[in-house]
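I opened a new notebook page for this model. My plan is to look up one item at a time and write down what I find.

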Amino acid sequence: MNNSQNTEQDSGLQKWAFHFVSNYWKVALINITVAVMMGSFRNDYRWLQQDLVFSFCIGTLTYFSCHSGVWYMKTRGLLHMPILVPYVMLAVGVSLGGGLALGGTLLGIPLARLFVNIQRELSWYLSMMALMFLLSILTLWALRRIDHLKSEALQHKLEAEQIARRQMQAQLQLLQAQIEPHMLFNTLATLQGLISFDTERAQLMLDQLIQFLRASLHNARLERCSLQDEFDLLRAYLSLMQIRMGERLQFSLDLSADLAPLQLAPMLLQPMVENAIKHGLEPKIEGGAVLVSARKEAGFLLLRVEDEGLGLGKAQQPGARVGLQNTRERLQALYGAQARLDLSPRPAPHTCGALVEIRIPLQQLQT
């Protein structure tokens with residue numbers, strides 16, 4: 001616990017030092033301006049070098065004390081105007097006196113002589129003190145305003161992300177509603193026919209249907225599920241379809257143990273497999289296989305759904321790309337521009353079938 005606190009303190013000090021150094025050029029510019037104004041006030045620039053020394057000593061101490069105080073108050077949650085204004089007044093007064101003493105020491109001016117000079121130009125020093133105080137308050141107010149705007153922007157971003165998640169959940173439920181009626185209608189019709197002459201197969205089909213519905217309803221309620229859960233859902237669905245289609249459907253699911261815990265949006269693969277069967281294999285008399293795999297490739301999770309169906313553009317039923325479009329939009333919204341969904345014919349030497357590839361940056365996925 002102490003190590004963690006020390007690390008946070010070191011990080012805070014590094015940020016403070018970086019901000020102090022990176023913004024000092026603004027302080028230096030103000031210091032030079034003040035020194036030139038002092039020469040203009042006297043109408044005599046012979047003492048410009050001396051004025052620069054005093055201006056830099058006073059300005060640097062003011063910047064240091066105000067910057068340090070604000071940083072401390074901010075880390076302790078004390079950055080409020082009733083505390084800030086008295087502190088800045090005190091810091092400016094102490095910095096003015098300390099800067100004059102430091103400048104006099106650097107220039108070799110005795111304190112007694114320095115005191116006489118201050119009395120002679122008291123109105124000037126009081127004016128500078130008021131100006132420094134005003135500039136400090138304005139700067140701190142601007143910083144507070146910037147922090148407030150950043151906080152509002154972060155809040156708006158979080159709200160927008162929550163809205164996007166709710167939209168994705170609604171879209172997932174809509175997608176589920178698009179998938180289930182077609183599959184349920186055909187499955188129940190097949191089940192009705194099996195009951196009268198093959199009760200054992202009908203019971204097996206009913207068991208697979210219950211397993212699929214339980215898995216799909218569970219995943220549909222989640223924002224994320226494991227890749228293992230997604231493959232289990234596909235196994236239940238494909239087993240159900242295999243009972244219905246018989247030897248016309250074979251399938252293979254390839255998921256390595258190291259990829260199984262990865263967390264991703266649910267039902268990214270289900271519409272791809274649904275399309276492969278509905279538009280590729282069902283219309284094909286001899287049927288074929290569906291091959292689903294997951295692997296890592298160049299910093300991406302690569303999900304592939306390959307089928308031995310009729311091929312692109314040969315399906316008789318319309319709407320083959322509704323699931324593709326829904327999934328492509330979900331990928332873009334959830335994982336950004338690097339996430340992709342590509343649809344293409346199966347590579348040579350295959351002469352039929354289709355291949356869907358989904359790429360998601362691994363850094364976007366949780367385990």
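How many residues of strand E5 are buried? I looked up residues 300-307, and eight of eight are buried, so far as the cut-off of under 20% relative accessible area goes. I note that this is a predicted model.

**Entry: the faces of E5**

I checked each side of the strand in turn. On one side I find Phe300, Leu302, Arg304 and Glu306, all buried.

**Entry: the partners of E5**

I looked for paired strands next. Strand E4, residues 288-297, runs antiparallel to E5, and eight bridges join the two. In this pairing I see valine 290 opposite aspartate 307 of E5. E4 and E5 make a hairpin with two residues between them. In the turn I noted alanine 298, whose phi is positive at about 55°.

I then turned to strand E7, residues 354-361. E7 also pairs with E5 in the antiparallel sense, over eight bridges. Here glutamate 306 stands opposite leucine 355 of E7.

**Entry: serine 293**

Is serine 293 buried or exposed? Its relative accessible area is 18%, so I log serine 293 as buried. I listed its contacts, leaving aside neighbours within four places in sequence. Serine 293 touches Leu302, Leu303 and Arg304, and also Phe231 and Asp254.

**Entry: aromatic pairs**

How many aromatic pairs does the structure hold? I count two. Tyrosine 24 and tyrosine 63 form a tilted pair, 6.2 Å centre to centre with 45° between the planes. Tyrosine 24 lies in helix H2 (residues 24-42) and tyrosine 63 in helix H3 (residues 48-75), so the pair ties together parts 39 residues apart in sequence. I checked the cover of both rings' residues. Tyrosine 24 is partly exposed at 23% relative accessible area. Tyrosine 63 counts as buried at 15%.

The other pair is phenylalanine 212 with tyrosine 237. Why do I call this pair tilted? The planes stand at 45°, so the pair is tilted, with ring centres 5.5 Å apart. Phenylalanine 212 sits in helix H7 (residues 199-220) and tyrosine 237 in helix H8 (residues 227-245). The two residues are 25 apart, and the pair links distant parts of the chain. Phenylalanine 212 is buried at 2% relative accessible area. Tyrosine 237 is buried at 1%.

I went back to helix H3 for tyrosine 72. Tyrosine 72 is partly exposed, with a relative accessible area of 43%.

**Entry: whole-chain totals**

The protein has ten helices and seven strands. Of its 367 residues, 40% count as buried. I looked at contacts between residues at least 6 apart in sequence, and 73% of them join residues at least 24 apart. The protein exposes about 20,700 Å², with carbon and sulfur atoms supplying 61% of that area.

Conventions
Residues numbered from 1 in each chain as written. Predicted model: local features only at pLDDT ≥ 70, side-chain atom pairs only at ≥ 80, totals over all residues. Heavy atoms only, no water. Phe/Tyr/Trp six-rings, centres within 6.5 Å; stacked < 30°, edge-to-face > 60°. Helix = DSSP H or I, 4+ residues; strand = E, 2+ residues; numbered from the N terminus. Buried < 20%, exposed > 50% of the residue type's maximum accessible area, 1.4 Å probe, protein only. Pairing = 2+ DSSP bridges. Contact = heavy atoms within 4.5 Å. Areas by Shrake-Rupley, 256 points an atom, 1.4 Å probe, with all protein chains shown as cover.
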